[in-house]
Every structure is written in structure tokens, then in C-alpha cells.
Amino acid sequence: MAFTQSNHRRPSPYSPAAERGAELPVRFVSRNRAAIVRGSGFTLVELLVVITIIGILVGLLLPAVQSAREQARITQCQNHLKQLGSGMLAHEAAQTFLPTAGWGYEWTGDPDQGTGLKQPGGWAYCILPYIDQLALSRIGAGLPPSAKSAALVQLITTPLETFYCPSRRPVGLYANDGGSGQINCGNAPMVLRIDYAGNGGDNDNVDATQSRQPSSMSQGLTPSFWANYPQNTGVCLGHAELRTAAITDGLSNTYLVGEKYLDPDLYTTGTDLGDNENAFTGLNWDQTRTGSNSPPGSTSYNYAPPARDTPGLVNFWSFGSAHAGIFVMALCDGSVRNINFSISPEVHRRLCNRADGLPIDGASF
């Protein structure tokens with residue numbers, strides 16, 4: 001057979017064999033692989049640029065995420081106050097009067113003393129049956145004094161989510177180092193606190209009736225011993241059964257219950273004088289606040305709007321909050337409002353007084 005060039009032609013680069021790379025020169029294949037490796041990586045500069053861009057995006061998004069979380073906490077706080085306010089109004093509907101503020105800080109709620117003048121515990125205890133906590137309100141019922149005192153320890157050591165503002169501190173029990181101890185309740189190292197307070201009026205006389213506090217119902221004292229003292233201008237009063245009919249300035253123009261001020265340094269210590277007793281004690285600064293910004297015992301009242309919780313600033317007699325710019329209040333008509341810290345001191349004072357006869361523009365708060 002004659003030798004011809006056509007019998008020994010190179011494979012076409014487009015032949016199946018070429019596609020498989022079976023007969024391609026090694027040098028050709030190696031260059032392609034090197035090109036592929038070089039094209040699949042990042043340079044250090046490119047990596048740093050990507051990291052920088054991600055950092056910028058995180059920096060831009062973080063404030064928005066934090067703002068959304070705080071708004072969610074404010075909404076939860078509003079829901080808590082809606083429940084507390086509705087519980088107080090449900091109490092008034094059932095008992096014909098708003099829950100009393102109780103006898104004083106030396107007493108805890110008693111399940112056998114009702115919710116009126118004979119009840120030593122405060123409003124937070126009185127409304128338990130109206131916020132789906134009937135079983136909690138019946139702890140110790142029917143027991144003799146010593147056994148009841150021991151049983152009530154369970155009451156003051158049961159956490160309630162509704163009592164806490166999520167922007168301030170988590171639900172739980174807190175140190176009981178600064179309290180006075182209660183006459184009718186055993187002691188506990190950790191107790192339930194509350195971040196909300198009833199409206200005690202536009203002056204600092206929340207504790208004005210403490211000196212007339214009975215030491216025991218067995219002393220023969222009758223309900224007539226307690227009176228609706230004229231200086232108590234709010235709706236959460238000690239030794240009183242106040243009806244909503246007495247709120248002559250209008251239910252939508254009067255505070256019912258809202259956020260109280262606390263020193264952030266003392267959130268967990270139990271040593272703030274407005275946060276040193278358990279949540280179910282009677283009349284004191286832990287559960288009742290006023291529209292005055294003057295310390296108790298002042299000869300004149302300084303009416304200033306509430307402020308945001310501030311480290312190192314003592315103010316255990318005023319309303320306030322851990323939120324930026326606002327504090328949340330429930331009004332006597334059952335509505336819940338965000339009140340700006342910039343509210344006029346005079347408008348704030350009027351909202352604390354149930355019957356001063358002065359008008360309030362709803363748009364001003």
C-alpha cells in the first residue's frame with residue numbers, strides 16, 4: 001500500500017478525541033488548567049473591599065434593627081399597661097370602686113380581706129383576679145396567720161411578665177435587700193418587682209396616710225378610720241374606695257396607671273426607695289407615683305415632666321421610663337398613650353389630678 005499523507009493526518013481539533021483531550025499536547029492542556037486556577041481566586045485587595053462593604057452595610061442596618069427591637073418592646077409595654085388598666089377598670093365594674101392602694105409598705109395582700117378598705121395589699125394585688133391570676137390571689141386563703149404568712153411567700157416569689165417593662169429588665173425575681181419586711185408575710189431573698197405605678201395625684205402626699213396606718217385589724221379599727229384625704233388628688237389612694245364618678249375632669253383626661261422612673265444602677269439591687277418592696281405591698285412609692293418632681297417633704301412643688309431612667313439620678317416619686325423620648329400611660333378611659341418627655345409640666349400635672357376643673361387639650365399630650 002502506498003504511503004500517503006492523508007493516511008497520517010493529525011486529528012482535527014474538533015474531533016471527538018480532541019474534545020476528550022486524549023490526543024492533545026500536554027502543554028496545551030496544562031495552560032488551560034493554569035488559566036482556570038488563576039481565574040477562580042480573589043486577591044487580598046478584593047477580599048478587603050468585600051469585607052469593608054459588608055461592614056458598612058452592617059453599620060447601616062444595625063440602628064434600624066435596634067430601633068425595630070425597641071419598638072417591639074414598647075408595643076409589649078403598651079400591652080402590659082392595657083392589661084393592668086383594664087384590670088383596674090374591671091375591678092371598678094365588679095366592686096363599684098377602683099382598687100385601693102392598701103395600708104402601706106409593711107403589708108402584703110391578704111386573700112381573706114377582699115379588695116376594699118380592709119385590704120392591706122395594694123392595687124397590683126387587688127386586680128389579680130381581673131388579669132387572669134385568680135389562683136395567685138387565693139394563695140393562703142383560709143389559713144391561720146402563721147401558716148398564711150408562710151404561704152404568702154409563694155405569692156411574692158411568683159414572676160409575672162405583665163409587671164415588667166421589657167426595655168428595663170427581664171421577667172424574674174430581684175434582690176430583697178432594701179425592703180422593710182412585711183408584718184403579714186414571710187421574708188424571701190428574691191421577690192417580684194413591678195415597673196408600673198398607679199396615679200397618686202399631682203403632689204407628693206402618696207405616703208401622707210402612712211402615719212395613720214393600722215398595725216392590725218384586730219385593734220378594733222373600723223373602715224371609717226380611713227378616709228379619702230383631700231390632699232390625695234389621684235385615683236390610686238390608700239385607705240379609700242374611689243369610684244370613677246369622682247374623676248370629674250374626665251376619664252380621658254386623667255392618668256390611671258403608667259411607667260415609673262427608676263435609677264438604672266439599681267434595677268436589680270432592690271435598694272431604690274421606689275423599688276425596694278415586693279409588688280403586692282400596700283401604699284408606697286413602689287406602686288404609686290405622682291405628678292410632682294419635688295422630693296417628698298418639699299415645702300413647694302416642682303412640676304416637671306418625667307424623664308428617662310438615668311444612671312445615678314434618684315427620683316423615686318415620679319413617673320418615667322427606660323424608653324427614649326416617651327413613657328407609656330394608661331388613662332382612666334382604658335386607652336393607652338405614649339407621652340413625650342417634652343410634655344408641658346402643667347399638662348402633666350393636670351393629668352395627675354382627677355378633679356382640679358382645668359381643661360386639657362388632648363392634642364397636647
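Colleague: Which residues have the most contacts inside the largest nonpolar core?

Modeller: A nonpolar core is a set of buried Ala, Val, Leu, Ile, Met, Phe, Trp, Tyr and Cys residues joined through side-chain atoms within 4.5 Å, where buried means under 20% relative accessible area, exposed over 50%, and partly exposed in between, with a 1.4 Å probe and protein chains only. Here the largest such core has 45 residues, and those with the most contacts inside it are Trp-123, Leu-128, Leu-155, Phe-163, Tyr-196, Val-257 and Phe-280. At least two residues of this core come from each of α3, α4, α6 (145–156), β2 (190–192), β4 and β8, and α3 supplies the largest share, five residues. A second, separate core of 14 residues includes Ala-197, Phe-327, Ile-339 and Cys-352. In soluble globular proteins, nonpolar side chains tend to be buried together.

Colleague: What kind of model is this, and how are its residues numbered?

Modeller: This is a predicted model, in which local features need pLDDT of at least 70 and side-chain atom pairs count only at pLDDT 80 or more, while totals for chains, interfaces and linings use all residues. Residues are numbered from 1 along each chain as its sequence is written, and side-chain values use heavy atoms, with hydrogens and water left out.

Colleague: How many helices and strands does the protein have?

Modeller: Helices (H or I, at least four residues) and strands (E, at least two) are DSSP runs numbered from the N terminus, and the protein has seven helices and nine strands. Of its 365 residues, 47% count as buried.

Colleague: How far does helix α3 reach, and where does its kink lie?

Modeller: The expected span of a helix is 1.5 Å times one less than its number of residues. Helix α3 (residues 44–95), with 52 residues, reaches 75 Å from its first C-alpha to its last, close to the expected 76 Å. A bend is the angle between axes fitted to the seven residues ending at a residue and the seven starting there, and in α3 a kink of about 30° lies at Leu-61, shortly before the proline Pro-63.

Colleague: Which elements do the buried residues of α3 pack against?

Modeller: An α-helix has 3.6 residues a turn, so residues three or four places apart point the same way. The buried residues of α3 include Glu-70, Ile-74, Cys-77, Leu-81 and Leu-84. Contact means heavy atoms within 4.5 Å, and the buried residues of this helix pack against α4 (123–126), β3 (196–199), β4 (255–259), β8 (326–331) and β9 (336–340).

Colleague: How many disulfides does the structure hold?

Modeller: A disulfide is a pair of cysteine sulfur atoms within 2.5 Å, and the structure holds zero of them. Cys-77 is in no disulfide, the nearest cysteine sulfur being that of Cys-165, 3.9 Å away. Cys-77 is buried, with a relative accessible area of 0%, and Cys-185, at 5%, also counts as buried.
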